[in-house]
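Please keep the sequence and the structure in view while reading.

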Amino acid sequence: MDDSAAQIAADLERRILDAIRRGASMEDIADIKESDVATPDAAIQSLKDGNARFFSGQATRPEMSANERRAQIMGQTPYAAILACSDSRVPVELVFDQGLGQLFVVRVAGNVVGEAGLGTLEYAIRHLDVHLVVVMGHEACGAVAAALLPEERVAEEPHHLQNLIRRIQPSLQAMPVIRDKKARMREAVLNNVRYQVSLLRDEPVIREAEAAGQIRVIGAYYEIGSGAVDFLVDEDDLRP
């Protein structure tokens, strides 16, 4: 943590302690801290900075004091919502070196857009005032690999798993012929990320929020081996 960040944290702790001594309510204490990431661009930069700390071995693992944790009982102010894969090798808050209350995370195999996940993201946009929605795929995604299998293999899976795989398959229909297996998997995961982003952007709540400049919807690819995240931000990068 640099000197300025340390000073901000120390000042916040002092203000919370002063409020407690004055007999402030938990609501009053919660109001002391608001997210310091106030725009979509600032949210993207914060994630990039956090990931840079993570993959370079300089993660700060942001921790809160006991008083700050208690204040969070009354509310949360995450600045970004992340739709990520459930894979145990993709711990979202750690990958972006973010602390409690900073990210609103939805995790489902293959980072697919489904009814429950979509409702969760709509909640984050309408009621938590997030500034960014990120669909993050990752290296060696098992759900995407399953979507590349022949249909007879997919049909062997349980019903609900088949349905999940079929939410990925449309993104892979126009896959180019790539002989290198690792490169082919990366391209498949990126295609799925772009496809899921496009599904989100077609939803009215998300489309309206993005058109109003309240949020941006972007993609990301996490490389397990290096710990680095590649961001898909420009429209050319996001086009399915």
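In which sense do strand S3 and strand S4 pair, and over how many bridges?

## A pair of strands

In this predicted model, strand S3, which covers residues 132-138, and strand S4, which covers residues 216-222, run alongside each other in the parallel sense, and seven bridges join the pair. Within this pairing, methionine 136 has alanine 220 of S4 standing opposite. As background, the strands of a sheet pair through backbone hydrogen bonds, and the pairing may be either parallel or antiparallel.

## The whole sheet

The two strands belong to an open sheet of five strands, in which the order is S2-S1-S3-S4-S5 and the pairing is mixed. Strand S2 (103-107) and strand S5 (229-232) form the edges, and because each has a single partner strand, one side of each is left without a neighbour in the sheet. On average, neighbouring strands of this sheet are turned by 25 degrees against each other, if direction is ignored.

Helix H10, made of residues 181-201, packs on the sheet and touches strand S1 (80-84) as well as S3, S4 and S5, while the direction of the helix makes about 160 degrees with that of S4.

## A residue in a loop

Arginine 61 lies in the loop that links helix H3 (40-55) and helix H4 (66-71).

Leaving aside residues up to four places away in sequence, arginine 61 touches Phe54, Leu94 and Asp97. Arginine 61 and glycine 99 are separated by 38 residues in sequence, whereas their C-alpha atoms are 6.7 Å apart in space.

Terms used
Residues are numbered from 1 along each chain as its sequence is written. This is a predicted model: local features need pLDDT of at least 70, side-chain atom pairs count only at pLDDT 80 or more; totals for chains, interfaces and linings use all residues. Side-chain values use heavy atoms; hydrogens and water are left out. Two strands pair if DSSP finds at least two bridges between them. Helices (H or I, at least four residues) and strands (E, at least two) are DSSP runs, numbered from the N terminus. Axes are lines fitted to C-alpha atoms, for helices over the stretch in contact, and angles run from 0 to 180 degrees between N-to-C directions. Contact means heavy atoms within 4.5 Å.
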